Amino acid sequence: MEHDLSPEANELRDTVRAFLERRSPEASVREVIESGISVDPEVWRQMAGQLGLQGLLVPESLGGQGTTFSEMSVVLEELGRALLPGPFVSSAVLAATALLAAGEDPLARELLGGIATGETVAAVVFARGLTGEPDESTVVATPSDGGWELRGRVRTVLDGGCAGTLLVVAPAGEGLGLFAAEAGADGVEVVPLQTLDLTREAARVEFAGTPARRIGGDFTDGEQTVLAAGAAAMAAEAAGATQRVLELAVEYAGVREQFGRPIGSFQAVKHLCADIFAIAESATAVARHAARAIATGDGSVEAASLAKAYTSEKCVDAAEMAAQVFGGIGFTWEHPVHLYLRRITAAAQYFGTAGHHRTRLGELIGLAVAAV
Amino acid sequence: MSVIDELRAFLDEQLPPFRERWGDQPPFEGRLAWQRTMQAGRWVAPQWAEEHGGRGLDVVTALACSALLTESGAPATAGIFGVANVGPTIAQWGTPEQREHLPRILDGSELWCQGFSEPGAGSDLAGLRTRAVVEGDELVVNGQKIWTSDGMRAHFMQLLVRTDPEAPKHRGISALLVPLDTPGIERRPIRQITGEAEFAEVFFTDVRVPLRNLLGPLHKGWQVTMTTLGHERSGVVTQAAIIQRQVEQLVSAARAADSGLDPLLRDELVRRYVEGRIIGVLGERSLASIKATGQPGAEQSIIKLEWSRLSQRLARTRLALGGAGAVAGDDPGAAQAYLRSRSSTIAGGTTEIMKNILAQRVLGLPA
């Protein structure tokens, strides 16, 4: 029982952990990675059908669970912990948040229903904010035949290779719009990228006059909401992953012997473990704080930036320290620590680096930079 | 009226005249005057039993009182070692006669210190060698203590002595309550790196202490002292709130400087802000655990660890924000605070010892 979570969230965490330990142990994760499929379809179906996870944020009236981001965050910790491969964050968190932020729209309702059942797999194509590169996206939407069409390319789309529906954030005349396009439609080119994180694929996507349907009105505020959700989701996953590397490192330090004693009896190793522990607990606390802020709508942008500023730097430190505890064995392909290092390091990059979020926090707390 | 409203009304009435008299950075005499004022309203340790001068509040309400005090910027308690450390130990282990100290600890008429560290017993506190030998109904003490906080101004000391040199080191220690005007005690101030003297060396030569001043059973001084440390663990919630407030004060000061900050310096300050907020959310997590179980969770050990590191970094950032004027100027405050902060990873258990304890007790790594 963790006292900063509701009884329901505690129960959800136990259920998801037990499910993933049974259905997606490390060996299964490795099978998904080696086979090049981005998700185990049976696990995906059961997550939606038995546990309702893809529909956590979807209202009950649309077939979802109608829970808050606090419950979602606990699930994300577990996915990070279990290294679950697949488009869960893209579809169940980012796409669902985008559709809910876009406002009342029949197409949004339909897509949300599909996301909740797991049949619709959606990815969000960001105009900016995922990688922070100046030329992240050149996509623009223009009216065409009573609908819209998309032109331009996006350098990085998370889960762009396995999503059936692309939710594209793009300038549309004045302001920003959210558009739905089929990934298999004419004029969509999806080029897979080589990703550091083997459990989360990404693609470059090019639109050449792709037909799209607009969802809702101006998406300027919606974009901020989704980016905050993305930052908080990465923080929660990194926190869960860090908790697991801590457990692995402590377990190993207790049994691995050198100089006739367990290496965990040496202060140098103890101190590494203590530092990883401090980071794992801090990351968990701050990720849950961000999730509560998103759930209540109170200070969500600041809280998400705080969580990402911390986890993007410190969880990477923790994963590196854990790798150090493992010594040579941690440098082998067979050992899981590199899978965590990959996931945590990649998550640190998406939705804003630590430096990006510190700059943002500096602005939010009113610290001006001197004019040069 | 709720307890919190009562405290708020008390502070609204008492703080403005106090500030008018003593300013924002009151000297020790000012803080002692404030402690007397506070205790007139029984607010110094409201979680203590009423018969000892408290209000018998539950831990959660008492923490809410602390939070309000932190928020109001009220001065820190002058006789803090008696109130925070010695008093709770006496309350748990003391005889009725010994408990008569408690109201006097709260109103500041008795100042206490703790005679723990020795020249040869710093991190290895249980290796202490100050001896006490039973002679009739007295204990005769010989030895030396060092780094005794408030040692020069205190009236009494909770003294750890070795009473059984044959026993394993944790089992041969006793705790004594010693009036510091007892013949054979000599005190000398330790001039520290700031130039001030907040600690003392205390020498004991054939000091005769009545056996009735033994706190808890003979040879159980280690357990007596350690169980109290357990009681004080909820204090991390207040500690977290205080350091977060210190960070916010530095941010406010930097914001007020209208010329804007060097980008690297701003990043350094935002790092402190992030670290302060992290301790804040860990404090909230502790509070949730205390509300549910009466005890903080494992995060309390992290708050202590991170607090010690952040208070140093914060002092260094404050110095950096002061620029050249902070190292050569009219106000030595930032420089003094920087030097003083060097003790925060040493006093009360070094960072390294805290990590060892955390690794062994919380993570279960072998000794």
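**Model.** I am working from a predicted model.

**Overall fold.** I looked up the secondary structure first. Chain A has 11 helices and nine strands. Next I took the box around its C-alpha atoms, along the principal axes, which is roughly 75 × 55 × 40 Å. Then I checked the radius of gyration. A compact globule of 372 residues would come out near 21 Å, and chain A has 21 Å, so the two agree.

**Burial and contacts.** I find 55% of the 372 residues of chain A counted as buried. I also looked at contacts in chain A with a separation of 6 or more. Residues 24 or more positions apart account for 74% of those.

**Core.** The largest nonpolar core has 224 residues. Ala232(A), Cys273(A) and Ala290(A) have the most contacts inside it. Within chain A, helix α7 (residues 220-255) gives the most to this core, with 19 residues.

**Contact between the chains.** I note 33 residues from chain A and 39 residues from chain B in the contact. On the chain A side, the elements giving two or more residues are α7, α8 (267-296), α9 (300-326) and α11 (354-364). The largest share of that side, 12 residues, comes from α8(A). By class, I record 19 nonpolar, 10 polar and four charged residues on the side of chain A that touches chain B.

Notes. Residues numbered from 1 in each chain as written. Chains lettered and ligands numbered in written order. Predicted model: local features only at pLDDT ≥ 70, side-chain atom pairs only at ≥ 80, totals over all residues. Helix = DSSP H or I, 4+ residues; strand = E, 2+ residues; numbered from the N terminus. Rg over C-alpha atoms; globule rule 2.2 N^0.38 Å. Buried ≥ 20, exposed ≤ 12 C-beta atoms within 10 Å, placed from the backbone. Contact = placed C-beta atoms within 7 Å. Core = buried A, V, L, I, M, F, W, Y, C linked by C-beta atoms within 7 Å. Nonpolar A, V, L, I, M, F, W, Y, C, P; charged D, E, K, R; others polar.
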